[in-house]
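Subject: Structure handover

Hello,

Here is the structure I promised to pass on. My notes follow below it.

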Amino acid sequence: MSRIRSFHERGPGAARLVCFPHAGGGANAFTALSAALPDDVELLAVHYPGRQDRRSEPCAEDIETLAVEAAKALDGVDGPLFLLGHSMGALVAFETARLLQGRAEVARVFVSAARPPSEDWGEPDVDALTDEQITGELRRLGGVPEPLLRDPETVRELLRLLRADVRALRRYRCSADAAAGAPLTVLVGSDDPKNSVAQLAGWARHSTAGHVVETLRGGHFALVEHTAEAAELLTRFVRADTAGPSPATGGTHAAPAADRDGARPASAPARSGADPAPAPGPRATHAAAAAPADLVREILIAGLGGRRPALPTDLTALEEAARAKLSADAFGYVSGTAGSGATGRANRAAFDRRRLVPRMLRGAARRGLGVTVAGRRLAAPLLLAPVAAQAVVHPEGELATARAAAAVGVPLVLSTFAAHPLEEVAEHAAGGERWFQLYLPTERAVAVSLVRRAEAHGYSALAVTVDAGHLGFRPAELDRGYSPFLRGTGIANFTADPVFRAGLPEGADDMEIVRRWAQISTDPAQTWADLAWLRGLTRLPLFVKGVLHPDDARLALEHGADGVVVSNHGGRQLDGSVAALDALPGVRDAVGAATPVLLDSGIRTGTDVLKALALGADAVLVGRPYVYGLGLDGQRGVEHVLRCLLADLDLALALTGCASVADVAADLLAPAEAAR
């Protein structure tokens, strides 16, 4: 069985970042970080015994055994190697680096959230602690989603691994003069309740090549919770080390500038919800981490070799490309709108009639796209909107979409009416951020089951859709007499649900299953009281999707919502509705600046995203473009769409003088009379 995992393979020239998990953790802890790294850095994760497909093997009894196994597994891996250990994994990485000296090139060792190896970590005897005491400590440190800590089976497995790993940690002994031959970068979370910069000073004596301390924003698990920031920092070091000796240092490894105590503090964001802009000053001596806009250079350089993108980079051209490839049924289902299509046209017209006013010489050489939405840190103000029955356009459907979203670092909002069950989608999401969109069924027991399943499988927020209790009048589907759901596509979350299946007659055939789904899948009689009931059911952040009227936005908050999604369902429900973008300012005013407000319906370009941000959105959801990409080229097609959209947004920020999302304000848009 594999001792080393790779989640996103890079080219043969990529640097190798080998990651060692924390106590109780597994290789999958690094999947989101892997997705956030640029193409010239490949993440390899060490897969400890005793977990997942190595569950039949006993857990290691000491740190040295884990290091010996890792060193053997890394023999023959192309260098240079960069080792990164988190918490307990820092000790394994350190010992592995010492074992590899003379056998492989270890360019640098990163140690995260870990005290020096020669010091007593003060770990308690976990065998003397109750399960409740250990889970209490896990809650204090973070890193494990609360829904998983409420799932008995997950907790049992986690405690089994944690107890074994902490026993190994408590047995570990290291002399004060033990040192690695590679330079050390020590990472610490600014709010880590377990470690401080002062407690990490002793790492200096454990390297013969120097050390530096870097602070990441966040707690004990800042490394894997703020992956965009961590990936940028790691990439700076990797690129500096692989670029060769720095003339300024006489051949030593270059390290980013630090303040007097050796620690680089994390900057405070310029405004709540947005990443700070890079501080002005001299040009950086390190290559910057890959920016979304680098896609342009990548495509043009590939063009020198005669290679062109497989899909259009003008995302507005994808619809016609999809029309030529997809079946008429599939294309009509995805592209169709309600009635005459007036709402869909209004969505696009609302973006088109607004004009951006660029600002010059604002120092936007590098941009920060990150935002925080309902306590969740996102790499960019972009999510994938819930689109049902994606297997209509590609057999892998939501599975390919989930892999693409994780690879690019964009959250996926999974539809209740997915073609694949949420558990399977979570596996393919590889640790990426994911939300669950809920249509409230008429049978509340089924709703409870859907929510509990989403909580247990790492979905970090709920978006309850309220504008589709009745299906809109959609000629593109009606004229062909086509519904994917009545053909069994898009009901997998129900057919996989034990409560739904318990309501079926014994030996139910396909038509009986579809009939029961049609009877209970949505509740046309729901009221605001049902939202309050849902609020009492879960602690997950709760968004109400389908809000256009300011009063409805206020009511959503009054009944327990954490945020709203301004949406007209992409024009698929009510013909002649107000455009979502036109409704956005009124909703933002109604809920105030502190409430998360998202927008979908009509997003096609990076400048569309920028206009929505300028009018008050915290983030947007994109729908049809990525589904067209899925239909045209599967996972690669979705990745292409997302990378193009992010590159366009990144450049739009630069060209309007914005160094971060925090800089986007209403004055980026021309007055209405000037825009006509």
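What percentage of the 676 residues in the protein do buried residues make up? They make up 55%. Buried means under 20% relative accessible area, exposed means over 50%, and partly exposed lies in between (1.4 Å probe, protein chains only).

First, the ground rules. This is a predicted model, in which local features need pLDDT of at least 70 and side-chain atom pairs count only at pLDDT 80 or more, while totals for chains, interfaces and linings use all residues. Residues are numbered from 1 along each chain as its sequence is written, and side-chain values use heavy atoms, with hydrogens and water left out.

Overall picture

The protein has 25 helices and 18 strands. These are DSSP runs, numbered from the N terminus: H or I of at least four residues for helices, E of at least two for strands. The radius of gyration is 26 Å, close to the 26 Å from the globule rule for 676 residues, so the protein is as compact as a globular protein of that length. That radius is taken over C-alpha atoms, and the rule is 2.2 Å times the number of residues to the power 0.38. Along the principal axes, the C-alpha atoms fill a box of roughly 75 × 65 × 50 Å.

Take contacts between residues at least 6 apart in sequence: 77% of them join residues at least 24 apart. Contact means heavy atoms within 4.5 Å.

The accessible surface is about 27600 Å², and carbon and sulfur atoms hold 53% of it. Areas come from the Shrake-Rupley method with a 1.4 Å probe; for residues, only the protein chains shown count as cover.

On charge, there are 70 positive and 80 negative side chains. The centres of the two sets lie 3 Å apart. Lys and Arg count as positive, Asp and Glu as negative; His and the chain ends are not counted. Each charge is placed at NZ of Lys, CZ of Arg, CG of Asp or CD of Glu.

Cores

In soluble globular proteins, nonpolar side chains tend to be buried together. A nonpolar core here is a set of buried Ala, Val, Leu, Ile, Met, Phe, Trp, Tyr and Cys residues joined through side-chain atoms within 4.5 Å. The largest one has 124 residues. Leu-384, Phe-436, Leu-598 and Leu-599 have the most contacts inside it. Helix H24 (residues 624-655) gives this core its largest share, 15 residues. Another core, of 50 residues, lies apart from it; Ala-23, Val-111, Val-126 and Ala-182 are among its members.

Beyond its neighbours within four places in sequence, Leu-599 has contacts that include Phe-351, Val-565, Leu-584 and Val-620. Val-622 sits in strand S18 (residues 619-622). It is buried, at 1% relative accessible area.

Positive phi

Two residues other than glycine are worth a look. Leu-361 has phi near 50°. It lies in the loop between helix H12 (342-352) and strand S9 (371-373), and is exposed at 88% relative accessible area. His-569 has phi near 65°. Its loop runs between strand S16 (563-566) and helix H22 (580-591). His-569 is buried, at 14%.

Other sites

The contacts below leave out residues up to four places away in sequence.

- Ser-34 is in helix H1 (residues 31-36). It is buried at 1% relative accessibility and in contact with Phe-7, His-8, Arg-10 and Leu-43.
- Leu-129 is in the loop between strand S5 (106-112) and helix H4 (131-141). It is partly exposed, at 26%. Leu-129 touches Pro-124, Ile-134 and Arg-163. Arg-163 is 34 residues away along the chain, with a C-alpha separation of 9.7 Å.
- Leu-161 is in helix H6 (residues 152-171). It is buried, at 6%, and in contact with Gly-24, Gly-50, Arg-51 and Cys-59.
- Glu-477 is in helix H16 (residues 475-478). This acidic residue counts as negative, yet is buried at 9%. Glu-477 is in contact with Gly-332, Tyr-333, Tyr-482 and Arg-572.

Best wishes
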